[in-house]
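Please look at the structure below before reading on.

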Amino acid sequence: ELELAFTGYDLKRLEAYADNIVDYHMVVDLIPAVARLYFLDRIPVGLSFTQAAALVGIGLQHKTVDDLSAELKIEARQLLANFNKAVVRLVRFLRGVRERAADA
């Protein structure tokens, strides 16, 4: 299922964001697919409420960071920090799946 949702280049972009190499604008097009997989329990990782809210707002509701931060009543940088932590956890899982598939 991972191969159907993401190309190798897509995973590299997600990893670059997780490693704080690129800005979230570079991966925002991938977040709807990541969020869909997470909320369909295809990516079984634990996220905090704020991390999950950021994933829903940015990925599924296509809200801007400013709109979502106002709605959640937190600062935009705090929202982005939580969003980054969520992506780090999700990428860690996706990386493991990819490595296990390569070993098989």
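## Helix α2 against helix α6

A helix axis is here a line fitted to the C-alpha atoms over the stretch in contact, and angles between N-to-C directions run from 0 to 180 degrees. In this predicted model, the axes of α2 and α6 lie 8 Å apart and the two helices pack at an angle of about 135 degrees. The crossing of α2 with α6 is left-handed.

On the α2 side, the contact is made by L11, L14, E15, Y17 and A18. On the α6 side, the contributing residues are L80, F83, N84, V87, V88, V91, L94, R95 and R98. Sorted by class, the contact of α2 with α6 holds 10 nonpolar, 1 polar and 3 charged residues.

## An aromatic pair between α2 and α6

The count of aromatic pairs in the model comes to 3. One of them joins Y17 and F83, with 5.9 Å from centre to centre and 50 degrees between the planes, and this pair is tilted. Y17 belongs to helix α2 (residues 8–18) and F83 to helix α6 (residues 76–103), so the pair ties together parts that are 66 residues apart in sequence.

## Helix α3 against helix α4

The axes of helix α3 (residues 31–39) and α4 come within 8 Å of each other and cross at roughly 130 degrees. The helices α3 and α4 are therefore oblique to each other, and their crossing is left-handed.

From α3, the residues I31, P32, A35, R36, Y38 and F39 take part, and they meet A52, L55, V56, I58, G59 and L60 of α4. The residues in the contact of α3 with α4 divide into 10 nonpolar, 1 polar and 1 charged.

## Helix α4 against helix α5

Helix α4 (residues 49–60) also packs with helix α5 (residues 65–72): their axes come within 10 Å and cross at roughly 140 degrees. The helices α4 and α5 are therefore oblique to each other. Their crossing is right-handed.

The contact is formed by A53, A54, G57 and I58 of α4 together with V65, L68 and L72 of α5. By class, the contact of α4 with α5 comprises 6 nonpolar residues, 1 polar residue and no charged residues.

## Confidence of the model

How confident is the predictor in the protein, as a mean pLDDT? The mean pLDDT is 93, and 98% of the residues reach 70 or more.

Confidence is lowest in helix α1 (residues 2–5), where the mean is 74. It is highest in α4, at 97.

Note on methods:
Residues are numbered from 1 along each chain as its sequence is written. This is a predicted model: local features need pLDDT of at least 70, side-chain atom pairs count only at pLDDT 80 or more; totals for chains, interfaces and linings use all residues. Side-chain values use heavy atoms; hydrogens and water are left out. Helices (H or I, at least four residues) and strands (E, at least two) are DSSP runs, numbered from the N terminus. Angles under 35 degrees count as roughly parallel, over 145 as roughly antiparallel, 65 to 115 as roughly perpendicular and the rest as oblique. A crossing is left-handed if the near helix is turned anticlockwise from the far one by less than a right angle, and right-handed if clockwise. Contact means heavy atoms within 4.5 Å. Ala, Val, Leu, Ile, Met, Phe, Trp, Tyr, Cys and Pro count as nonpolar, Asp, Glu, Lys and Arg as charged, and the others, Gly among them, as polar. pLDDT is the predictor's confidence in each residue, from 0 to 100. Rings of Phe, Tyr and Trp (its six-membered ring) pair if their centres lie within 6.5 Å; planes under 30 degrees apart count as stacked, over 60 as edge-to-face and the rest as tilted.
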